Protein chains: 2
Amino acid sequence: MTASSSAPFVAVDWGTTRMRATLVGMNGEILGRAASESGVQSVPAGGYQKALDDACEAWFSTNAALPVLMSGMVGSRNGWLEAPYVSPPCGPADLAARLIRVPNDARPMFIVPGVDCRTDDGGYDVMRGEEIQAFGAGVKDGLVCLPGTHSKWVEMEEGRITRFVTFATGELYAALVQSFVGRLAEEPADVEAGQRLARTLSQMPGGLTRQMFQARTQVLSRNVSGRAVRPFLSGLLIEAEISGARDLFGAGHVVHLVAADPQLQPYRSALLHYGFQVIDVEPEGATLAGLTSIAASLDLTSTGPAL
Amino acid sequence: MTASSSAPFVAVDWGTTRMRATLVGMNGEILGRAASESGVQSVPAGGYQKALDDACEAWFSTNAALPVLMSGMVGSRNGWLEAPYVSPPCGPADLAARLIRVPNDARPMFIVPGVDCRTDDGGYDVMRGEEIQAFGAGVKDGLVCLPGTHSKWVEMEEGRITRFVTFATGELYAALVQSFVGRLAEEPADVEAGQRLARTLSQMPGGLTRQMFQARTQVLSRNVSGRAVRPFLSGLLIEAEISGARDLFGAGHVVHLVAADPQLQPYRSALLHYGFQVIDVEPEGATLAGLTSIAASLDLTSTGPAL
């Protein structure tokens, strides 16, 4: 889904570790790009305006009223300004109606709210940024899978988010490669051997805490080399995520996979293995399309109370 | 099960983080105890004899030929001397027949081999030390559960180990409390609230990587306080282990639980919840009984080739 905005604006994807800004023209066309390593975890208190100005200086200097629309962890408690969560069902217009205006005399600047979700099984989940990619993934009805430190699976109906859940896949992987079970890992990774072992051992009864110990013992027993350890652990966690998502959402669905390397190939392979159909979605394009769809539903140049 | 040895000996439980020595008399009675923090991870290369002498000086000085029987990580590749693994089925006599003699002119000193196990599902597991506790737990036929960094579940038939598996429960817990999902943890722990939440959310479809993220969101949503985070994560992993063991070994079994505080209560509670019957076994007593049962099956004072 690409939507045209009524006026040029700067779309900012501002996450934990980096910031990406895109100058979007009247018809949704990309007029320029900027990026910086000033993620939310590295911007000092009170330093957001400067970090933004530094990245967008060329655009701002020629247009003092150019509006800015930001999404991601920039709206978290540790970000620039805390934006509330909107609960499903919600689409771009629902988030647009709940934008937070960043105080600034000159320039209209807005932060998109996050989305939270309570599920019937007692779960509670939050996201900031992934909802934008879900909107931009071109899905009317279906599932969106967004791999990451905290992978999100988003269920969409009529272009609106109806439910989502989180799997701490990337975080657990980072913890395990630092831990005892990952200690026999060697580089360069033997991706094929690791993934093959993960596919086999993810079927072992006993669950993840049993399976992950095999990252050590399968090397000790010389079944695989240390080069298989990291792709094995990664594969095991991806299989656990996808098999868990199948339990939650049912099998056979079309999944829009918003991923780039190195997640793209292992996720696609595991999704197909578990009986899903896969449509690849390029992450940066999805973010831009999502922010543009929000911009399209309002007049960003306005500074009135509706915003 | 307590067995009497034919002569006094020193039983040494030498693990990664500490060493415990017990002077055992002719009839299996405890004549003295010593302990040190000289675990395998802190003893320098070539320093094992000195660490042992320091701990047992009082006994050694009066009996130059007092035999020593050691088990645990002291027999690993990074220990004093690498002892091989024995494969199931194996009982005390099988391990006694494969002792490794530590070269020493004066004193007979032996290291008990570890046990390894290949399971039909492709798993491979190893243990050093837990097999001794399994032998000492007084189980003829049944299951032994030994919680720890790498929890072991040991299946016994006719007093011999027939199968065992590992769950990296303690290791994963240690990784998670250091990780992002554990960051909202507060002390003192609210054990009851954490365990109650774990019992509920361990039933959530999607598996462990979904459930563990709730350690964060359930605090954000004020369902529990930060004081519930650690007992919640611990409880979630214990439930995963026990539910995994039920898948592996079947329900309804009697489980001999070799555990002390703080593992004892949450494991017992979860075992009962999952339909197991529980018999508590005191860990130090089990180690001593296990080493004594091995000593009983041979003459430790001999230095002949059979040893």
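## Close-up views of a predicted two-chain model

**View 1. Chain B and chain A meet in a contact that takes 41 residues from chain B and 40 residues from chain A.** Remember while looking that this model is predicted. About 3300 Å² is buried between chain B and chain A, and carbon and sulfur atoms give 63% of that area. Look for Thr209(B), Arg210(B) and Phe213(B): together they supply 19% of the area that chain B buries against chain A, more than any other three residues.

**View 2. Two salt bridges are found across the interface of chain B and chain A.** One of them joins Asp121(A) to Arg210(B), with the closest N and O atoms 2.9 Å apart. Between the two chains, 20 residue pairs are in polar contact.

**View 3. On the side of chain B that touches chain A, β9 (124-127), β12 (160-167), α4 (169-177), α6 (208-220) and α7 (229-249) of chain B each give two or more residues.** Here α6(B) gives the most, with nine residues. By type, the residues on this side of chain B are 20 nonpolar, 14 polar and seven charged.

**View 4. Turning to chain A, we find five strands in an open, mixed sheet with the order β12-β11-β10-β13-β14.** Because β12 (160-167) and β14 (277-281) of chain A stand at the edges with a single partner strand each, one side of each has no neighbour in the sheet. On average, neighbouring strands are turned by 25° against each other, direction ignored.

**View 5. Within this sheet, β10 (residues 142-146) and β13 (residues 254-258) of chain A run parallel, joined by three bridges.** Cys145(A) stands opposite Leu257(A) in β13(A). Helix α7 (residues 229-249) of chain A packs on the sheet, where α7(A) touches β10, β11 (151-157) and β12 of chain A. The direction of this helix makes about 140° with that of β12(A).

Definitions and conventions
Residues numbered from 1 in each chain as written. Chains lettered and ligands numbered in written order. Predicted model: local features only at pLDDT ≥ 70, side-chain atom pairs only at ≥ 80, totals over all residues. Heavy atoms only, no water. Contact = heavy atoms within 4.5 Å. Buried area = accessible area lost by both parts, 1.4 Å probe. Salt bridge = Lys/Arg side-chain N within 4 Å of Asp/Glu carboxyl O. Polar contact = N/O pair within 3.5 Å; in protein donor to acceptor, adjacent residues only side chain to side chain. Helix = DSSP H or I, 4+ residues; strand = E, 2+ residues; numbered from the N terminus. Nonpolar A, V, L, I, M, F, W, Y, C, P; charged D, E, K, R; others polar. Pairing = 2+ DSSP bridges. Axes fitted to C-alpha atoms, helices over the stretch in contact; angles between N-to-C directions.
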